[in-house]
Amino acid sequence: MCGIVGILGTEPVAGKLVDALKRLEYRGYDSAGVATVENGTLDRRRAQGKLQNLEARLASEPLHGRLGIGHTRWATHGAPTETNAHPHMTDGVCVVHNGIIENFKELRAELLGQGAVLSTDTDTELIAHLVTRELNQGHDPAIAVQHTLRQLEGAFAVAFIFRDHDNLMIAARQGSPLAIGFGDGEMYLGSDAIALAPFTDTISYLEDGDWAVLTREGLAVRNRDGESVVRPIQKSVASALMVDKGNHRHFMAKEIHEQPEVVAHTLANYIDFANSRILLPDMPIDLASVKRISISACGTAYYAGLVAKYWFERLARVPVEIDVASEFRYREIPLEPGSLSLFISQSGETADTLAAMRYCRGEDQRIASIVNVRESSIARESDAVLPTLAGPEIGVASTKAFTCQLSVLGCLAIATARARGIIDARKEAELVTALTEVPRHMSAILRDEGDYEALSHTLSKARDVLYLGRGLNYPVALEGALKLKEISYIHAEGYAAGELKHGPIALIDESVPVVVVAPNDEMFEKVVSNVQEVAARGGQIVFISDAAEDAAGCDVMAGIQLPETHPFTTPLIYALPMQLIAYHTAVFMGTDVDQPRNLAKSVTVE
Ligand code: F6R
């Protein structure tokens with residue numbers, strides 16, 4: 001994880017480095033630093049905590065170099081202290097690094113054995129020492145880096161600057177993404193194109209195993225085997241994206257409120273509204289012949305996949321194997337060659353999802369991905385990409401990406417059912433119409449935000465909160481619990497409502513709020529029975545349904561009535577109350593909603 005940037009500029013670069021880092025804070029934000037080369041001296045400023053601390057440090061102790069690198073950190077090796085913050089340096093070289101060096105212990109022992117003096121607990125400092133060892137043997141910087149890279153195991157991206165070179169930066173990519181930007185007499189590098197958007201839209205992406213030598217005049221890239229290669233230069237759409245909070249207090253609030261628009265936008269990409277049917281972009285995968293689907297993703301994206309499992313199995317009659325990517329990748333699942341493997345990821349860079357995808361590639365699967373970041377590694381390695389058009393999601397807790405993922409998955413399930421002849425054109429039109437109505441229902445829910453604010457005051461006092469749902473809305477309950485715990489730090493668990501009596505019901509007493517996701521669908525009566533079991537044990541019910549509150553058949557602490565919707569689309573609709581409950585509870589408790597502790601937006605380590 002972590003974000004890295006580098007600039008070979010024509011004027012002092014420290015301010016620009018910080019600007020770029022701000023756009024990478026989604027990758028980690030527990031400490032940050034920048035370093036520049038000035039008059040044959042390497043100098044750095046670092047600070048624990050958010051970027052504003054680094055800005056304050058730079059204001060009192062400026063850096064003037066025209067060549068520099070920067071880093072925003074999500075700690076892996078070593079606590080998030082200033083000492084462990086990047087850049088790390090020796091006398092002659094300075095490095096920033098995103099990822100993990102897996103042979104850290106061996107390298108550390110080797111360097112200590114040779115008398116190196118290490119001042120941090122990080123794996124990154126070792127890289128600076130390895131390059132220095134090579135430089136001391138008389139190698140030039142490019143050879144020193146090349147030799148060092150051969151000694152590093154793991155997935156990482158790195159960037160180096162050197163004391164004795166004021167027109168040189170070297171970068172390498174092995175597993176973690178790295179974009180190179182071309183400016184007017186300037187060159188840039190960053191963990192993604194969004195970081196470089198204020199400076200340039202002309203971008204080239206390094207491929208896995210590449211290392212690049214940058215000067216102000218341009219770029220030379222070599223691959224893992226040392227051969228000179230040319231990577232295509234493209235216009236990035238990232239530059240066009242304005243990322244700000246608008247009128248909202250937090251990015252998360254803005255992103256929750258964008259959902260009617262971005263879901264409509266996403267659906268429009270897959271629906272032929274005139275004929276009420278699904279129209280997928282060119283797919284090199286024949287949906288009619290799909291016999292099995294495997295789905296793999298992490299966190300919220302996994303819950304979107306879990307909803308899709310219900311859709312694919314019930315509607316399209318295709319069996320689905322689904323697992324969180326961190327388990328999937330190591331289970332050595334036997335997969336029938338030619339089957340469809342589906343990967344869901346907002347960032348398109350999640351290390352476990354990418355690894356699961358590569359496993360499937362090795363098993364001769366057809367690979368389709370649902371991603372929000374079009375230029376991401378997962379998108380680039382897929383046979384078919386089904387984009388979510390959610391726009392940049394900055395809040396660490398995923399909201400609009402989830403409902404856009406559900407939108408695409410809903411369309412894909414309908415298209416699969418139709419291609420396999422399981423549903424006819426009339427049923428397809430009915431489901432498409434239901435999807436088309438989702439943005440309107442979402443707007444209606446967002447107009448009643450006050451209900452959630454009031455409820456949040458009660459929830460903020462709870463130590464534990466349970467979420468219950470059944471069928472399609474069991475994953476929604478899981479997502480509700482995840483949202484609450486990650487931004488309010490209140491312990492929350494989601495359960496299949498029918499499973500409660502097999503153990504978790506022991507947790508219920510008057511102090512435990514139980515949020516029930518209860519659309520008035522075929523499961524409604526069953527859910528109501530489960531609610532009554534909870535009420536009988538003193539549980540405080542928050543009843544979320546399109547049925548009236550008294551349909552719960554017991555006293556409830558709060559009832560939230562939602563618009564009536566088609567059963568197929570309920571996960572998209574009921575996701576919003578889950579987000580609003582978590583958001584308002586966290587705001588009331590005063591936590592850092594957009595950047596909750598210990599998390600990062602893009603998880604590029606295992
Ligand atoms: C939770 C959340 C995470 C992500 C997960 C996967 O709010 O955002 O659980 O869903 O880390 O990330 P992506 O979708 O980028 O692969």
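User: Start with charges and rings. Which ring does the charged end of arginine 380 sit over?

Analyst: This is a predicted model, so read every value as computed from it. For a charge over a ring, look at the distance to the ring centre and the angle to the ring normal. Here the charged end of arginine 380 sits over the ring of tyrosine 205, 4.7 Å from its centre. Arginine 597 lies over the face of tyrosine 489, and the distance to that ring centre is 3.8 Å.

User: Next, ring against ring. How many aromatic pairs does the structure hold?

Analyst: It holds 5. One of them is phenylalanine 160 with phenylalanine 162, a stacked pair. The centres are 6.4 Å apart and the planes make an angle of 25°. Planes under 30 degrees apart count as stacked, so the label follows from the angle.

User: Are phenylalanine 160 and phenylalanine 162 buried or exposed?

Analyst: Both are buried.

User: Now salt bridges. How many are there?

Analyst: The structure holds 27 salt bridges. For each, read the N to O distance, then the accessibility of both partners, then their places in the chain. Take aspartate 272 and arginine 277: their closest N and O atoms are 3.1 Å apart. Aspartate 272 has a relative accessible area of 12%, so it is buried. Arginine 277 comes out at 36%, so it is partly exposed.

User: Which parts does the salt bridge of arginine 329 and aspartate 352 tie together?

Analyst: First the geometry: the closest N and O atoms of arginine 329 and aspartate 352 are 2.7 Å apart. Arginine 329 lies in the loop between α10 (325-328) and β20 (340-345), and aspartate 352 in helix α11 (residues 351-362), so the bridge ties together parts 23 residues apart in sequence. Both ends are buried: arginine 329 has a relative accessible area of 17%, and aspartate 352 has 10%.

User: Helix α11 also holds arginine 361. What does that side chain meet in a salt bridge?

Analyst: Arginine 361 meets aspartate 383, at 3.2 Å from N to O. This pair links distant parts of the chain, 22 residues apart. Aspartate 383 is in the loop between α12 (377-380) and β22 (384-385). Both partners count as partly exposed: aspartate 383 at 28% relative accessibility, arginine 361 at 38%.

User: Last, strands. In which sense do β8 and β12 run?

Analyst: For strands, check the direction, the bridges and the residues that face each other. Strand β8 (residues 165-174) and strand β12 (residues 211-215) run antiparallel, joined by 4 bridges. Isoleucine 170 stands opposite valine 213 in β12. Strand β12 is also joined to β13 (residues 218-222), again antiparallel, by 5 bridges. There, leucine 214 stands opposite leucine 219. A hairpin through 2 residues joins β12 to β13.

User: And where is the pairing parallel?

Analyst: In an open sheet of 5 strands, ordered β19-β18-β20-β21-β22. To find the edges, look for strands that pair on one side only: β19 (320-324) and β22. Inside the order, strand β18 (residues 293-297) pairs with β20 over 5 bridges, in the parallel sense. Alanine 297 stands opposite isoleucine 344 in β20.

Terms used: Residues numbered from 1 in each chain as written. Predicted model: local features only at pLDDT ≥ 70, side-chain atom pairs only at ≥ 80, totals over all residues. Heavy atoms only, no water. Pairing = 2+ DSSP bridges. Phe/Tyr/Trp six-rings, centres within 6.5 Å; stacked < 30°, edge-to-face > 60°. Buried < 20%, exposed > 50% of the residue type's maximum accessible area, 1.4 Å probe, protein only. Lys NZ or Arg CZ within 6 Å of the ring centre and 35° of its normal. Salt bridge = Lys/Arg side-chain N within 4 Å of Asp/Glu carboxyl O.
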